Amino acid sequence: MKHILTATLLGLLAAPAFTAPAFAEGDPAKGEKVFNRCKSCHTIVSDSGENIEKGGRNDPNLWGIAGRTAGSSEGFKYGDDLAAAGAGGLVWDLENFTSFTADPREFLRSHLDDSKAKSKMTFKLKKGAEDLYAFLAQYGPAPEATAEEAASE
């Protein structure tokens, strides 16, 4: 009986780990170092214009990328295939982000089921994508309060 109770308690204590947000899997401090490889093309600038991470402006601003629909950053002309993926509902969650950054062209070919799909991003991130996602997930607009939360304030 004691072993059953202990196993049940351990299971209850471990359960929140499986319900944590996906970006909690990475290490933001390590992701900040990984972002140094991205700076030649990307920047992180808040909606208010605060320059959080200076970098290139050739590619989309990565502010708010976690949870954002692919191909939806204002002021950037995306390639047709990434825009089509976004129009089809592709959202940058941990799984999609890590797969895309590992091999952008192959990710789009698989996602769109199109052997000719292309990506403007040619850089392949071999490791550290989970950490990079955790780092980027820190920067974005504050989540909107639900009606229930707003009523309690």
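This is a predicted model: local features need pLDDT of at least 70, side-chain atom pairs count only at pLDDT 80 or more; totals for chains, interfaces and linings use all residues.
**Helix packing**

| Helix pair | Axis separation | Crossing angle |
|---|---|---|
| H4 (residues 94–102) and H6 (residues 129–137) | within 9 Å | roughly 125 degrees |
| H2 (residues 28–35) and H6 | 7 Å | about 100 degrees |
| H3 (residues 80–87) and H5 (residues 104–112) | within 10 Å | roughly 45 degrees |

The axes of H4 and H6 come within 9 Å and cross at roughly 125 degrees, which makes H4 oblique to H6, and the crossing of this pair is right-handed. On the H4 side the contact is made by Leu94, Phe97, Thr98 and Thr101, while H6 contributes Ala129, Glu130, Leu132, Tyr133 and Leu136. Sorted by class, the residues in this contact of H4 with H6 are six nonpolar, two polar and one charged.

Helix H6 also packs against H2, at an angle of about 100 degrees and with the axes 7 Å apart. Because angles of 65 to 115 degrees count as roughly perpendicular, H2 and H6 are described as roughly perpendicular to each other. From H2, the residues Pro28, Lys30, Gly31, Glu32, Val34 and Phe35 meet Asp131, Leu132, Ala134, Phe135 and Leu136 of H6. The contact of H2 with H6 is made up of seven nonpolar, one polar and three charged residues. Leu132 and Leu136 of H6 take part in the contact with H2, and Leu132 and Leu136 are likewise listed in the contact of H6 with H4.

For H3 and H5, the axes come within 10 Å and cross at roughly 45 degrees, so the two helices are oblique to each other, and H3 passes H5 in a left-handed crossing. Here Asp81, Leu82, Ala84 and Ala85 of H3 meet Leu108, His111 and Leu112 of H5, and the residues of this contact divide into five nonpolar, one polar and one charged.

The largest pocket holds about 490 Å³ of space. It is lined by 30 residues, of which His42, Asp59, Pro60, Phe100 and Met121 are the closest to its centre. Helix H4 supplies the largest share of this lining, with three residues, and H4 is also the helix that crosses H6 at roughly 125 degrees. By class, the lining of the largest pocket comprises 16 nonpolar, ten polar and four charged residues.

The second largest pocket has a volume of about 170 Å³. Its lining consists of Thr43, Asp47, Arg57, Asp59, Pro60, Asn61, Trp63, Arg68, Ser73, Glu74, Gly75 and Phe76, and by class these are three nonpolar, four polar and five charged residues. Asp59 and Pro60 belong to the lining of this second largest pocket, and Asp59 and Pro60 are also among the residues closest to the centre of the largest pocket.

Technical notes:
Residues are numbered from 1 along each chain as its sequence is written. Side-chain values use heavy atoms; hydrogens and water are left out. Axes are lines fitted to C-alpha atoms, for helices over the stretch in contact, and angles run from 0 to 180 degrees between N-to-C directions. Helices (H or I, at least four residues) and strands (E, at least two) are DSSP runs, numbered from the N terminus. Angles under 35 degrees count as roughly parallel, over 145 as roughly antiparallel, 65 to 115 as roughly perpendicular and the rest as oblique. A crossing is left-handed if the near helix is turned anticlockwise from the far one by less than a right angle, and right-handed if clockwise. Contact means heavy atoms within 4.5 Å. Ala, Val, Leu, Ile, Met, Phe, Trp, Tyr, Cys and Pro count as nonpolar, Asp, Glu, Lys and Arg as charged, and the others, Gly among them, as polar. On a 1 Å grid over the protein atoms alone, a cavity is a set of points where a 1.4 Å probe fits but cannot get out, and a pocket is an open set with protein on both sides within 12 Å along at least five of seven lines; lining residues have an atom within 4 Å of a point. Grid points are joined across faces, edges and corners, and a volume is the space filled by probe spheres set on the points.
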